Amino acid sequence: MSFSGLLQLGFSTVIFLLAATAAKQWGLAPSLGKILLTLALYSLGNLIMLRLIREFGMSVSFSLSAVIQLVSVNVVALVFFGERVNALQATGIVLAIAAVALITLGPYLQGR
């Protein structure tokens, strides 16, 4: 992945984190402005993802984005919103991260 691609992936992750935070805020106190902001941020994040798909392919782009967002959103939810997960949920999160990492890195680890 090129440096430009990594920057775009990082930027889309920040946009999706802002969108998730706006969605949480809407969930706490619904308003038209919050839902419009949430939709605009998710739309912007997906437009960036379209560029990544064109450059790196769908499987790599979405897999990397999924694992980065999974980790990032959980950090935000746990640290900033004080949410908690039980041991079974935490195990599921760790397994999901491992699964996406194996899907993403599998071809490279096998020498393809």
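Does glutamine 8 count as buried or exposed, and at what relative accessibility? In this predicted model, glutamine 8 counts as buried, because its relative accessibility is 12% and the limit for a buried residue is under 20%. The residue lies in helix 1, and, leaving aside residues up to four places away in sequence, glutamine 8 touches Ile48, Arg51, Leu52 and Glu55.

The secondary structure of the protein chain comes to four helices and zero strands, so that, read from the N terminus, the elements run α-α-α-α. Taken along the principal axes, the C-alpha atoms fill a box of roughly 50 × 35 × 20 Å. Of the 112 residues of the chain, 25% count as buried, and the accessible surface comes to about 7200 Å², of which 74% belongs to carbon and sulfur atoms. Among contacts between residues at least 6 apart in sequence, 67% join residues at least 24 apart.

Helix 2 comes next, and its length can be checked against a simple expectation. Helix 2 covers residues 32–56, and at 1.5 Å a residue its 25 residues should span 36 Å; the C-alpha atoms at its ends are 36 Å apart, which agrees with that value. The buried residues of helix 2 include Thr38, Leu41, Gly45, Ile48, Met49 and Leu52, and what covers the buried residues of this helix includes helix 1 (3–28) and helix 3. Helix 2 is followed by glycine 57, whose phi is positive, near 95 degrees.

Helix 1 and helix 2 also share an aromatic pair. A search of the whole structure finds one such pair, and because the ring centres of phenylalanine 16 and tyrosine 42 are 6.0 Å apart and their planes stand at 40 degrees, the pair is tilted. Phenylalanine 16 lies in helix 1 and tyrosine 42 in helix 2, so the pair ties together parts that are 26 residues apart in sequence. The two partners can also be described by their accessibility: phenylalanine 16 is buried, with a relative accessible area of 7%, whereas tyrosine 42 is partly exposed, with a relative accessible area of 31%.

A charged pair involves helix 1 as well. The structure holds one salt bridge, in which lysine 24 pairs with glutamate 83, the closest N and O atoms being 2.8 Å apart. Since lysine 24 lies in helix 1 and glutamate 83 in the loop between helix 3 and helix 4, this pair ties together parts that are 59 residues apart in sequence. Lysine 24 is partly exposed, with a relative accessible area of 27%, and glutamate 83, at 31% relative accessibility, counts as partly exposed too.

The loop between helix 3 (58–79) and helix 4 (87–109) also holds phenylalanine 80. With 63% relative accessibility, phenylalanine 80 counts as exposed, because the limit for an exposed residue is over 50%. Phenylalanine 80 takes part in a nonpolar surface patch of about 520 Å², which is made by Val71, Val75, Leu78, Val79, Phe80 and Val85.

Note on methods: Residues numbered from 1 in each chain as written. Predicted model: local features only at pLDDT ≥ 70, side-chain atom pairs only at ≥ 80, totals over all residues. Heavy atoms only, no water. Patch = residues over 30% accessible without salt bridge, like charges linked within 9 Å, V, L, I, M, F, W, Y side chains within 5 Å. Areas by Shrake-Rupley, 256 points an atom, 1.4 Å probe, with all protein chains shown as cover. Salt bridge = Lys/Arg side-chain N within 4 Å of Asp/Glu carboxyl O. Helix = DSSP H or I, 4+ residues; strand = E, 2+ residues; numbered from the N terminus. Buried < 20%, exposed > 50% of the residue type's maximum accessible area, 1.4 Å probe, protein only. Expected span 1.5 Å × (residues − 1). Contact = heavy atoms within 4.5 Å. Phe/Tyr/Trp six-rings, centres within 6.5 Å; stacked < 30°, edge-to-face > 60°.
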